[in-house]
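Please look through the structure shown below before turning to the numbered points. They are meant for a reader meeting it for the first time, and each takes up one part of the picture.

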Amino acid sequence: MPKKITNNTVTLFVNGRKYENWLDVSIACTLQSLARTFSVRSTRSKEDLTIGIQPQDEVQVFIDGEPILTGYVTKRDVSYSASGISVTISGASKTVDLQDCCMPHGMANSYKNQTHEQNLKAVCKPFGIGVVDQVKSVDRRNLEFSPTETVGSAITRYLQKNGILLTDDEAGNLVIAQAGSGGIAHDILELGKNILEGKRTQDVSKRFSDYVTLGQAANPTSELPVSANHLTAMAQDPGIRRSRWLIKQESGNASTEILQKKAGILKDVRAGESDTLSYKVQGWRQSNGELWKVNTKVSISDPLLEIKNTPLLISKIGYSLSSAGSTVELTCVSPQTFRLLEEKDSKVIGDTSNLSEIKINSGKI
């Protein structure tokens, strides 16, 4: 049954108190970003309606009673001029602490032979952040980082190396996701119907005709000359008309199969990133009452930008409220932009014969 379409009322709950009636609102959610953000503005009258909100306060943000962000107030701006006094409150998801902070001194900075969910739960636990695993991979990996490295930096390296997709959710959890796991949008983005503004950017400056991956196979018995362990794989992009080469050296033990997959992923991701569409739509909800959401697939029909019934992925979404009304800005890309390396699972979660090995670095930072 369709949801009731309401007025896009944004409510902040801080210290048990409800705050509404904002002049301006901005809420941003991005795929492959660790923390969604918000900003709201009001004017100060004789009774400051935001006086109970201070930086570091816990906050929940709702749109018409529907949760959209759980986190902290990070900034409070008060300014004045001849026209009056303005108060702006900004904040971010709980996962902002992963983005900004290092692990507590003396805690483990090496996690061995664990699933993605186990690794990420281990680094999220000190910050009181939950992990939601939508992928349920049972493959085991290592997560290692230095004591002075931020958790966000370590996680970013980890996802790039192991081909996983991360985002956050409305409850402030870290989410292990797949491209498009948010489902399919109810509405079509269609010129002349719900599109207010559109833009297409085609940039091939980081796209190549030939992608080569180099690697080294293990040779524990040294029965073969070193040169025999040098492996190479290649993928070609037929969409690039002149010769342009990109060569990547992969670390660790490699195989021809893995190198071939990585070359293909380089090709697909670069091709996907080279074509981006941005749209502004009136209102925050679709015709069935559902909010537009990140990581959902949407069909687009826009003859001006030469797009005809093409399903793309919403990789970034921004809800805005101002004197002009409520609008949503959607960034759409090909799902192949987030193509990940999928390797066969080596072990099942139930196999506890080789539990995690944890090294603790207790040296001075």
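1. Confidence comes first: pLDDT is the predictor's confidence in each residue, on a scale from 0 to 100. The mean pLDDT of the protein is 85, and 87% of its residues reach 70 or more. Over residues 342-365, by contrast, pLDDT stays under 50, and for this stretch the model has 48 contacts beyond four places in sequence, a contact being heavy atoms within 4.5 Å.

2. On the basis of the note: this is a predicted model, in which local features need pLDDT of at least 70 and side-chain atom pairs count only at pLDDT 80 or more, while totals for chains, interfaces and linings use all residues. Residues are numbered from 1 along each chain as its sequence is written, and side-chain values use heavy atoms, with hydrogens and water left out.

3. Helices (H or I, at least four residues) and strands (E, at least two) are DSSP runs numbered from the N terminus, and two strands pair if DSSP finds at least two bridges between them. Strand S14 (residues 195-202) runs antiparallel to S18 and is joined to it by seven bridges, with Glu197 standing opposite Lys280 in S18. S18 also runs antiparallel to strand S21 (residues 325-333), to which six bridges join it, and here Tyr279 stands opposite Leu330 in S21.

4. Thr327 is placed in strand S21 and, at 12% relative accessibility, counts as buried (buried is under 20% relative accessible area, exposed over 50% and partly exposed in between, with a 1.4 Å probe and protein chains only). Leaving aside residues up to four places away in sequence, Thr327 touches several others, among them Leu196, Lys280, Val281, Gly318 and Tyr319.

5. An open sheet is formed by three strands in the order S16-S15-S17, with mixed pairing. Its edge strands are strand S16 (230-236) and strand S17 (245-253), each of which pairs on one side only. The twist averages 20° from one strand to the next, where axes are lines fitted to C-alpha atoms, for helices over the stretch in contact, and angles run from 0 to 180 degrees between N-to-C directions. Strand S15 (residues 210-216) pairs with S17 in the parallel sense over six bridges, and the bridge partner of Asp210 in S17 is Trp245. Helix H4 packs on this sheet, touching S15, S16 and S17, and its direction makes about 30° with that of S16.

6. How are helices H2 and H3 arranged? The axes of helix H2 (residues 116-124) and helix H3 (residues 151-162) come within 11 Å and cross at roughly 170°. That makes H2 roughly antiparallel to H3, because angles over 145 degrees count as roughly antiparallel, those under 35 as roughly parallel, 65 to 115 as roughly perpendicular and the rest as oblique. On the H2 side, His116, Asn119, Leu120 and Val123 meet Val151, Ile155, Tyr158 and Asn162 in H3.

7. A search of the whole structure finds 17 salt bridges, each being a side-chain nitrogen of Lys or Arg within 4 Å of a carboxyl oxygen of Asp or Glu. In one of them the side chains of Glu66 and Lys293 meet at 3.6 Å, N to O. This pair links distant parts of the chain, 227 residues apart, with Glu66 in strand S6 (residues 66-81) and Lys293 in the loop between S18 and strand S19 (297-302). Glu66 is buried, with a relative accessible area of 15%, whereas Lys293 counts as partly exposed at 39%. Both residues belong to a network of salt bridges that links Asp64, Glu66, Arg285 and Lys293.

8. Two further salt bridges deserve a look. The side chains of Arg141 and Asp139 meet at 2.2 Å, N to O, and both of these residues are buried. Lys261 and Glu257 form a salt bridge at 3.9 Å, N to O; they both lie in helix H4 (residues 256-273), four residues apart, about one turn of the helix. Lys261 is partly exposed, with a relative accessible area of 26%, while Glu257 is exposed at 53%.

9. Finally, Val87 lies in strand S7 (residues 84-93) and is buried, with a relative accessible area of 0%. Val87 and Val40 are 47 residues apart in sequence and 8.4 Å apart in space, C-alpha to C-alpha.
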